[in-house]
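Thanks for coming, everyone. Let me put the sequence and the model up on the screen, and then we can walk through them together.

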Amino acid sequence: IPRKFTSSVEGKMGYEDFVYCILAEEDKSSEPSLEYWFKCIDLDGNGVITRNEMQFFYEEQLHRME
């Protein structure tokens, strides 16, 4: 899944991206964390999580549990 990182190297996570990821993983109830995870799931970046996006992540979790 391609992501928009702040790093100048395409497809690579920079320090700022890493910090946001770690903080969002640690405290999932804060506003910045919710925004971070929303943006991760909103694959097309349109500001709406569609049924297809939810289905994609649901199926990914099912495969991890097998």
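Reading along the sequence, you get the pattern α-α-α. The secondary structure comes to three helices and zero strands, where helices (H or I, at least four residues) and strands (E, at least two) are DSSP runs numbered from the N terminus.

A quick word on ground rules. This is a predicted model, so to speak: local features need pLDDT of at least 70, side-chain atom pairs count only at pLDDT 80 or more, and totals for chains, interfaces and linings use all residues. Residues are numbered from 1 along each chain as its sequence is written, and side-chain values use heavy atoms, with hydrogens and water left out.

Now the overall picture. The C-alpha trace spans about 30 × 30 × 25 Å along its principal axes. The accessible surface comes to about 5,700 Å², and 58% of that belongs to carbon and sulfur atoms; the areas come from the Shrake-Rupley method with a 1.4 Å probe, and for residues only the protein chains shown count as cover. Of the 66 residues, 11% count as buried. Buried means under 20% relative accessible area, exposed over 50%, and partly exposed in between, again with a 1.4 Å probe and protein chains only.

Let's zoom in on helix H1, residues 15–26, where Tyr15 has its place. Why does Tyr15 count as exposed? Because its relative accessibility is 68%.

Asp17 is buried yet has no salt bridge, meaning a side-chain nitrogen of Lys or Arg within 4 Å of a carboxyl oxygen of Asp or Glu. The nearest side chain of opposite charge, Lys39, is 9.8 Å away; Lys and Arg count as positive, Asp and Glu as negative, and His and the chain ends are not counted. Leaving aside neighbours within four places in sequence, Asp17 is in contact (heavy atoms within 4.5 Å) with Phe5, Thr6, Ser7 and Lys12.
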